[in-house]
Amino acid sequence: MDATEKTIFELSATGRKGFRFPSSDVPSSDLPESLQRKDLPLPELSEVDVVRHYTRLSRLNYSLDNGMYPLGSCTMKYNPKICEKAARISAFANLHPLQPIESVQGAVLILYEMQIILQEISGFPACSLTPAAGAQGEFGGVKMIAASLRDRGETQRKIMLIPDSAHGTNPASSVMSGFECLAVRTDERGNIDLNDLTSKCNERLAGIMITNPNTLGLFDENIVEVIRIVHQAGGLVYGDGANMNALLGIVKPAELGFDVMHFNLHKTFATPHGGGGPGAGAICCTEQLKAYLPGPIADILEEATEEVPPLYGYRMPEKSIGMLRSFWGHFGIIVRAYCYCMMLGAEGLRRVAEYATLNANYLMEALKQDYPLPYDRTCMHEFVLDVKWPDAPGIRALDVAKRLMDYKFHPPTNYFPLIVHEALMIEPTETESKETLDDFIKAMKTIAREARENPELLHQAPTETPFGRMDEVKAARDLKIAE
Amino acid sequence: MNIHPNYFYSKNDEWVSVEGNKATIGISDYAQDSLSDIVFVEISVSVGDSLAAEDNIGTIESVKAASDIYTPVAGTVSEINNKVVDSPELLNRDPFGEAWLIKLSSDTGFDTSHLMDADAYRKYCEDRG
């Protein structure tokens with residue numbers, strides 16, 4: 001591993017330049033003194049200094065292009081380079097959102113077809129691509145539920161049910177949309193507890209937000225019954241599409257009875273996460289809710305005739321909750337997702353779900369010999385271990401996660417879902433080979449042995465990284481957010 | 001795992017200790033151990049507030065998770081432990097003693113019939129592993 005890197009300000013040397021402007025051949029125009037800064041401490045470096053600095057920094061990064069990234073719930077699958085290439089085609093990359101619609105027909109056609117692809121996968125008749133991230137798609141979908149209840153005159157429906165295994169964004173979206181949240185318990189098989197659910201369904205019920213498979217990586221065995229109970233009480237059912245990677249081409253949420261859902265294009269459809277993002281949180285919904293979708297939506301504005309092809313453009317749904325993002329959403333991300341779908345085709349997308357599930361079960365079966373598995377049944381695309389060994393009482397999930405970094409793996413998600421106290425949530429995705437999965441199993445088994453034989457190794461980990469174990473407690477207790 | 005023999009416990013792992021018309025409330029040793037290192041305590045009620053059982057009284061944040069805290073019994077807030085707000089680590093060290101959260105008073109005493117005693121709570125914790 002490279003040594004640590006100084007900041008670019010520490011590398012600065014007074015007077016050093018990366019670029020010299022040619023002398024001016026136009027009359028100078030002096031800025032008024034009031035607009036001039038006396039002090040602007042920009043770093044001063046040569047071009048080669050800058051290139052080396054950022055190249056060294058990039059080598060300290062760990063990404064999907066370095067290795068496996070089994071971060072449960074995040075679906076860190078490999079992002080194919082052809083999708084990046086497609087998004088960078090100048091005909092897409094250099095479009096202006098306000099240029100005449102006739103000049104961007106190809107781009108709008110991609111949006112239109114991507115809507116149809118997501119409708120086909122979800123089973124819903126309508127789709128909006130504009131939400132800028134998963135959490136925003138969720139927020140938009142819950143706003144749609146609120147708007148439809150208002151139009152039905154049922155404003156007394158204020159309770160949104162949220163399973164105790166849910167992502168934290170679910171209650172956040174609900175509260176921001178004016179609902180009160182009530183947690184629903186998980187039963188011992190990892191399903192929504194039907195008795196608890198029934199006891200919380202009444203005339204104040206607005207709906208339920210369900211992630212299926214849930215964050216334990218388990219398909220809810222009673223999902224149809226859960227949805228029936230909520231519908232019978234007059235509530236609507238929101239589907240958090242975070243875990244759609246397990247269902248692609250196999251289960252259509254609309255057929256299970258969901259009313260509205262979002263997709264995370266950056267999970268299921270291999271577009272980049274985080275710094276490589278941004279994300280996209282497309283919403284799909286039923287006929288009853290489609291008038292409330294956020295817009296604009298790509299549509300055929302003028303049907304084709306014998307002489308001319310159809311004219312594609314945008315429209316706002318009649319009772320739309322509004323725009324969640326300027327212009328047409330994260331177009332570049334949608335191009336990547338579209339490319340991914342076209343590359344794989346329907347058969348390929350189904351195989352994504354099959355291999356993601358197979359890989360997760362392969363890891364789970366191998367690791368449950370060494371790690372407690374609180375919900376022991378066939379998992380979907382991910383599973384959750386509970387790092388509690390009677391013969392290694394000082395070892396927690398965090399220690400295992402940190403030690404994995406020494407074995408050159410990105411740690412899995414830890415301490416989520418909250419219902420598993422020492423949770424390690426592992427999602428290999430479909431893009432890892434059997435050899436990589438075997439290497440991961442080997443590392444995990446070695447760590448389980450180290451936990452008993454040499455626990456200090458785990459407490460001190462990581463030791464192979466430029467910085468060792470961070471003091472997370474001190475960082476949280478003594479917040480220093482500005483100099 | 002420590003369990004104070006004379007306290008009552010809620011399913012959310014809060015404890016209450018009752019002495020006549022005064023009650024003291026905190027979180028159990030099991031709770032602090034599950035949360036691991038506690039880094040932030042917020043008490044959202046003030047002295048004089050009248051609380052029903054199960055009302056939210058604040059939030060505790062650890063490096064793992066944030067948890068809402070509820071009062072197991074009804075009463076009027078008579079005292080708040082600012083020491084634990086300033087030094088959240090007290091909760092990890094002494095959850096049944098120095099790190100109490102709030103004190104309540106009530107002219108009519110406190111109803112603890114819905115809460116667990118120490119034996120029942122021990123079993124409740126063991127069942128959860």
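Trainee: Why is A:Glu472 called partly exposed?

Mentor: This is a predicted model. A:Glu472 has a relative accessible area of 31%.

Trainee: What makes A:Lys402 buried?

Mentor: Its relative accessibility is 15%. Buried means under 20%, so A:Lys402 counts as buried.

Trainee: How do you know that A:Glu472 and A:Lys402 meet in a salt bridge?

Mentor: The N to O distance between these side chains is 3.1 Å. The cut-off is within 4 Å, for a Lys or Arg nitrogen and an Asp or Glu carboxyl oxygen, so the pair qualifies. A:Glu472 is in helix 15 and A:Lys402 in helix 12 of chain A, 70 residues apart.

Trainee: What makes A:Lys319 and A:Asp151 a salt bridge?

Mentor: Their closest N and O atoms are 3.6 Å apart. That is within 4 Å, so the pair counts. A:Lys319 lies in the loop between strand 9 and helix 11 of chain A, and A:Asp151 in helix 5, so the pair ties together parts 168 residues apart in sequence. A:Lys319 is partly exposed at 46% relative accessibility, and A:Asp151 is partly exposed at 47%.

Trainee: How many salt bridges does the rule give over all chains?

Mentor: The count comes to 36. A:Glu84, A:Arg88 and A:Arg336 are linked in a network of them.

Trainee: What makes strand 11 and strand 12 of chain A a pair?

Mentor: They share two bridges, in the antiparallel sense. Pairing needs at least two, so they pair.

How values were computed:
Residues are numbered from 1 along each chain as its sequence is written. Chains are lettered from A and ligands numbered from 1 in the order in which they are written. This is a predicted model: local features need pLDDT of at least 70, side-chain atom pairs count only at pLDDT 80 or more; totals for chains, interfaces and linings use all residues. Side-chain values use heavy atoms; hydrogens and water are left out. Helices (H or I, at least four residues) and strands (E, at least two) are DSSP runs, numbered from the N terminus. Buried means under 20% relative accessible area, exposed over 50%, partly exposed in between (1.4 Å probe, protein chains only).
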